[in-house]
Amino acid sequence: MNVTKSRAKNKPSGPAPGTSKPEPEFDDLENWEDSSRTLDIADLPVDVLPETDEAEKRIQPLEEAAAPEESAAEVVPLTPVNDAGDDEFSPVSREAAVPVSLRPSLKLSKVERIGLIALLALLLGGGATVFLMSLYRLPVEVVKAESKDFPIKGDYVTITSATSYWRPPIREGPDADTFRRGTELLPVLELAVSGGPAAIRILFRSEDQTVVGDGVTRMVRGTDRLKIPATAGFDDLGMHAAYRTGESKPWTVEVYEARSENSSGKDLKKLFEMNVSTDRR
């Protein structure tokens, strides 16, 4: 009865029911943590030891690969510790270093040196000239005459004494003063003189050294006492009060001598200069 039936081909039988799938034989080798560890045949299970020479060929490359890592770790040099405390921020000390000179080195020719020396001499000479000229042009404080300086002797006259004061102008009479309209107080110079015949000229100056009024000229013949008022003065009595308290600079009077009344300015010789007193009469 089975002659006509075809026989089924034999199929490989699967695993028996209830049995687990077999694990790979080299799973333990994939989970190694130390790659540099030398593979030892004694560590392998007996059931996984290969029976051929191929196992030995596989083990030898692992040993050769681990050997360079161990030798490299031994050859790495250690950084020496610097006892002096220097680090990478410290300046590099160069051996046989030569200090740099701060003196400028000008490579000048002989002609250039001569030119510089001549220019320096010219500048120094010009500066000295300007300085001396400016020094001589500075204003010099005039020495004022005082009572102890008298008598003062000139070429033509001798001034025995000199006093000054302020007074109201004389408006009427034979001795009336010639003065500017509106003037309330006039400065007056009183002189004791001797000599002549000669002339003296008097100039009054205000606090800013401006000539006040006109110059007054008087003749001297022998011994005499002269009272010479100015032609202008204070227009307000309060101005004299400020003058007495020193709130303004003092007025001055200058005395010159000459041969005659008609002598020009170049023929006048200055005898003295003094401050006008604050006294009022």
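Trainee: What makes strand E7 count as largely enclosed by the rest of the structure?

Mentor: Seven of the seven residues of E7 (252-258) are buried, so the rest of the structure largely encloses the strand. Buried means under 20% relative accessible area, exposed over 50%, partly exposed in between, with a 1.4 Å probe and protein chains only. E7 is a strand because DSSP gives a run there; strands (E) need at least two residues, helices (H or I) at least four, numbered from the N terminus. Bear in mind that this is a predicted model: local features need pLDDT of at least 70, side-chain atom pairs pLDDT 80 or more, while totals for chains, interfaces and linings use all residues. Numbering starts from 1 along each chain as its sequence is written, and side-chain values use heavy atoms, without hydrogens and water.

Trainee: Which residues point each way from E7?

Mentor: Thr-252, Glu-254, Tyr-256 and Ala-258 point one way. Val-253, Val-255 and Glu-257 point the other way. All are buried.

Trainee: How do you know that E4 and E7 pair?

Mentor: Two strands pair if DSSP finds at least two bridges between them. E4 (198-205) and E7 have seven, and they run antiparallel. Ala-199 stands opposite Ala-258 in E7. E7 also runs antiparallel to E8, with six bridges. There, Val-253 stands opposite Met-274 in E8.

Trainee: Why are E5 and E8 called edges?

Mentor: The open sheet has four strands in the order E5-E4-E7-E8, with antiparallel pairing. E5 (216-220) and E8 each have a single partner strand, so one side of each lacks a neighbour in the sheet. On average, neighbouring strands are turned by 20° against each other, direction ignored. E5 pairs with E4 over five bridges, and Ala-198 stands opposite Val-220 in E5.

Trainee: Why is the contact between Lys-269 and Asp-155 called a salt bridge?

Mentor: The definition asks for a side-chain nitrogen of Lys or Arg within 4 Å of a carboxyl oxygen of Asp or Glu. Lys-269 and Asp-155 stand at 3.2 Å, N to O, so the pair qualifies. Lys-269 lies in strand E8 (269-275) and Asp-155 in the loop between E1 (152-153) and E2 (157-167), so parts 114 residues apart in sequence are tied together.

Trainee: Are these two residues buried, partly exposed or exposed?

Mentor: Lys-269 has 35% relative accessibility and counts as partly exposed. Asp-155 has 55% and counts as exposed.

Trainee: What makes Arg-167 and Asp-177 a salt bridge?

Mentor: Their side chains meet at 2.8 Å, N to O. Arg-167 is in E2 and Asp-177 in the loop between E2 and E3 (186-195), ten residues apart. Both Arg-167 and Asp-177 are buried.

Trainee: How do you know that Asp-235 and Arg-180 form one?

Mentor: The N to O value is 3.7 Å, and the limit is 4 Å, so the pair is a salt bridge. Asp-235 lies in the loop between E6 (224-229) and helix H4 (237-244), Arg-180 in the loop between E2 and E3, so the pair ties together parts 55 residues apart in sequence. Asp-235, at 42%, is partly exposed. Arg-180, at 44%, is partly exposed.

Trainee: How many salt bridges does a search of the whole structure find?

Mentor: Seven. A network of salt bridges links Glu-190, Arg-225 and Arg-281.

Notes
Axes fitted to C-alpha atoms, helices over the stretch in contact; angles between N-to-C directions.
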